[in-house]
Amino acid sequence: MSLREYRTRLRGATDRADSPALVELLTLSPWPKDALQLVGDAILVVVASDATDALAMARRCVAALEERGWEGDAELAAALASAGNDGPPPMLRPVPVDLDELASVLEGDPVHGGGRLDLRTGEVWPQAVVDDFDDDEEEDDDDDEEEEEDDSRWLWVDPQGSRAGHRDMELFIGTVEDPALADRLTTAVAGRGAFRRFKDVIAADPAAADRWYARSEDRLRGRARSWLAAQGYSPIRARQP
């Protein structure tokens, strides 16, 4: 099974809270080091289901996260330890947010990006959507305006820009064993248009591309988790309809 297929299946089973499928995936092969954020969220579902060996999985993942030490890994390790009764519950309010959606807004353009997080539903609203919504609702009644302006419902997402993403590419290049590919990637990330050129170059090597996208997604999720914790919140899986 390719890394891409593994991540797709793991993500789908986590979204469905399909504990038997998750246990099978998590015991099928060694966990990819570049996807531990995704693995940790899957294990939280397994622990909640009281599946066999769930606590052992949680402890193993905590150790792997602590060893890796990327941004957001400490927060996920604390959540796993708490779920397995190996640590105190984090003093954070739960919110059912999609970390991938949050990351896309959080790391947007500081000039035109940003948005807000609905703390009731976990929905992430990019600023462009918020502006369009506000324009459409200008003539609504006072009750709707009062609900829209309820500050306790919303958490502003201040965009951080692309610096962290650019650093992700530089760090990844340092792990590439093929000198020719590493040289091409180093050239690609210099100057404007670095992200597009990097993707074009990495696409020529499917194995390296799979590893890059797993690593990039995990670092994005970790930064979103860390940012959320700094605001006093912890992500939980959204309930399925």
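## A pocket and some aromatic contacts

Helix 12 is the top contributor to the lining of the second largest pocket, putting in five residues. Keep in mind that this is a predicted model. The pocket in question has a volume of about 310 Å³. There are 13 residues lining it, and those closest to its centre are G165, F195, K199, S216 and L220. Helix 6 (99–106), helix 9 (163–173), helix 11 (194–202) and helix 12 (206–230) each bring at least two residues to that lining.

Now for the rings. Searching the whole structure turns up four aromatic pairs.

| Pair | Centre to centre | Angle between planes | Geometry |
|---|---|---|---|
| F172 and F198 | 6.3 Å | 75° | edge-to-face |
| F172 and W212 | 5.4 Å | 65° | edge-to-face |

F172 sits in helix 9 and F198 in helix 11, so their pairing ties together parts 26 residues apart in sequence. W212 is in helix 12, so its pair with F172 links parts 40 residues apart in sequence. Put together, F172, F198 and W212 make up one aromatic cluster. F172 is buried, at 0% relative accessible area, and F198 is buried with a value of 0% as well. W212 is buried too.

Tryptophans also turn up under charges. R116 has its charged end over the ring of W154, 4.2 Å from the ring's centre. Over the face of W70 lies R219, at 4.8 Å from the ring centre.

Conventions
Residues are numbered from 1 along each chain as its sequence is written. This is a predicted model: local features need pLDDT of at least 70, side-chain atom pairs count only at pLDDT 80 or more; totals for chains, interfaces and linings use all residues. Side-chain values use heavy atoms; hydrogens and water are left out. On a 1 Å grid over the protein atoms alone, a cavity is a set of points where a 1.4 Å probe fits but cannot get out, and a pocket is an open set with protein on both sides within 12 Å along at least five of seven lines; lining residues have an atom within 4 Å of a point. Grid points are joined across faces, edges and corners, and a volume is the space filled by probe spheres set on the points. Helices (H or I, at least four residues) and strands (E, at least two) are DSSP runs, numbered from the N terminus. Rings of Phe, Tyr and Trp (its six-membered ring) pair if their centres lie within 6.5 Å; planes under 30 degrees apart count as stacked, over 60 as edge-to-face and the rest as tilted. Buried means under 20% relative accessible area, exposed over 50%, partly exposed in between (1.4 Å probe, protein chains only). A charge sits over a ring if NZ of Lys or CZ of Arg is within 6 Å of the ring centre and within 35 degrees of the ring normal.
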